[in-house]
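Visitor: Hi, I've just opened this one and I'm new to it. Could you walk me through a few spots?
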Amino acid sequence: MGSEDLDQFAALVRDRLRLRQGREPAGRRLAGALTDLAEIGALAPGTRLPSERDLAQAVGLSRGTVAAAFNALCDEGLCERRHGSGTYLLQAPSFTGLLNAGAVLADLSTSVVPDPSHLVLPPLDPAELMRTPSGHGYDTRGDPRLRAMLGGDVLITGGAQHGIDLAVRVLLRPGDRVLVDDPTYGGALAILRRAGAHAVPVDLADPGAVGAAIARHRPALVYVVSVGNPTGAVPDLRHVAELARAQDVTIVEDRTLAELVHEGEPPAPLATVHPYGTVTVNSLSKVLWGGLRLGWLEAAEPLLARLTEAKQGSDLATSAVSQRLAAELLERNPVASWRAELARRRDHFAAALTARLPGWTWTRPQGGLSLWTRLPGVDTDRFAALTRRYGVAVAPGSLFSADGRHRDRLRLSFALPPELLDQAVTGLARAWEERD
């Protein structure tokens with residue numbers, strides 16, 4: 001393993017050790033960190049691990065600690081020592097990794113909270129987590145305490161993606177037209193395609209374009225993202241609600257990123273303008289952690305009742321344990337601290353990209369977790385495949401367009417810790433040097 005590869009590997013290990021802070025012995029923590037990397041696919045079966053001395057120096061641990069970790073992995077059948085050759089990973093990972101061939105140093109393709117280490121954790125009482133009003137846990141609209149914290153008359157869902165899917169199932173039929181921004185959230189485009197709907201791209205920030213599109217296409221729905229994903233823009237979109245209300249067109253407003261506005265105030269909900277024709281989608285994934293799989297829908301009755309009926313038909317109820325845990329986490333974790341940390345990571349990442357890749361351009365995002373970056377003269381679908389060879393996953397711009405445009409763009413998440421962002425920029429720069 002060369003020095004640069006060792007540096008990248010060490011960055012991964014240090015990040016995993018950070019997530020495993022606790023009372024375990026250092027050797028056990030290191031063994032767990034290496035096991036984690038195998039399970040997510042960052043270490044493939046047959047990988048030769050660095051020598052005890054090299055890994056100890058790279059991650060700042062004693063050689064004895066590394067030896068203890070390697071011994072534990074060998075005892076568990078995950079590794080074997082080969083005389084005169086080194087220590088090798090034997091057992092196949094338990095889960096399919098993000099990358100089938102080669103290690104993923106940094107995943108910049110998923111605009112998500114990278115891990116729950118920023119959270120202040122509550123004392124956990126399993127009995128309290130399983131105490132629900134119904135007893136059986138199938139509480140139709142969700143846990144009352146969590147619902148009250150989120151605004152009261154809401155329907156708890158299994159995340160924003162689930163919420164968008166429910167809204168589409170209730171509001172659309174195959175062949176219906178839906179106005180969407182361009183670019184827009186790729187997950188919503190995928191839901192619309194599965195539903196047999198036709199996404200019509202339009203500049204939602206332009207009142208004239210929106211009015212003309214409504215008159216021409218007679219859409220069944222307008223899908224609006226309050227804080228742009230992938231762009232991070234925070235436009236004033238009240239005119240969309242005004243025009244939709246005038247033409248009796250329903251809006252689905254995705255407010256998943258609304259609390260992550262780094263400059264200025266969060267945009268006001270469009271339901272204040274179009275109260276009886278707006279379904280508001282929200283999520284805890286971007287402010288707490290995606291692994292909770294919790295979101296919520298807001299809508300006026302009887303639309304909320306229709307959404308509730310559709311949800312019962314899809315999953316009966318959302319996990320009561322996740323909801324109780326989320327309520328505890330919300331009490332202890334104001335979003336302001338996470339938002340400030342994200343702004344610092346954004347600026348750090350932007351500075352690193354400017355230094356190493358001065359030809360790449362972007363507009364400073366006002367919100368969200370990503371840079372919408374332009375690469376001059378490059379097909380980013382092809383470039384995304386190249387970056388994986390250097391351990392960096394990126395999202396090509398075509399994923400965020402209803403008609404496959406933006407092939408000179410990448411969405412790059414800046415949510416990872418700064419050390420991994422630096423390593424990611426190094427990988428991107430190496431891929432850029434190799435491009436055709």
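Visitor: What does Leu172 touch, not counting residues up to four places away in sequence?
Guide: Leu172 touches Val178, Leu192, Ala197, Ala220 and Leu221, where contact means heavy atoms within 4.5 Å. Keep in mind that this is a predicted model, in which local features need pLDDT of at least 70, side-chain atom pairs count only at pLDDT 80 or more, and totals for chains, interfaces and linings use all residues. Residues are numbered from 1 along each chain as its sequence is written, and side-chain values use heavy atoms, with hydrogens and water left out.

Visitor: Is Leu172 buried or exposed?
Guide: Leu172 is buried, with a relative accessible area of 10%. Buried means under 20% relative accessible area, exposed over 50%, and partly exposed in between (1.4 Å probe, protein chains only).

Visitor: And where is Leu172 found?
Guide: Leu172 is in the loop between helix 7 (160–171) and strand 5 (177–180). Helices (H or I, at least four residues) and strands (E, at least two) are DSSP runs, numbered from the N terminus.

Visitor: OK, new topic. In what order do the strands of the open sheet come?
Guide: The order is 4-10-9-8-7-5-6, seven strands with mixed pairing. Two strands pair if DSSP finds at least two bridges between them.

Visitor: Which strands stand at the edges?
Guide: Strand 4 (155–157) and strand 6 (198–201) do; each has a single partner strand, so one side of each is left without a neighbour in the sheet. On average, neighbouring strands of this sheet are turned by 25 degrees against each other, direction ignored. Axes here are lines fitted to C-alpha atoms, for helices over the stretch in contact, and angles run from 0 to 180 degrees between N-to-C directions.

Visitor: How do strand 9 and strand 10 pair?
Guide: Strand 9 (residues 278–283) pairs with strand 10 (residues 295–298) in the antiparallel sense, over four bridges. Thr280 stands opposite Glu298 in strand 10.

Visitor: Which strands does helix 9 lie across?
Guide: Helix 9 (residues 207–217) lies across strand 5 and strand 6, and runs at about 170 degrees to strand 5.

Visitor: Zooming out, how many helices and strands does the chain have?
Guide: There are 15 helices and 15 strands in the chain. Of its 436 residues, 53% count as buried.

Visitor: And the contacts in the chain, what share joins residues at least 24 apart?
Guide: That share is 72%, among contacts between residues at least 6 apart in sequence.
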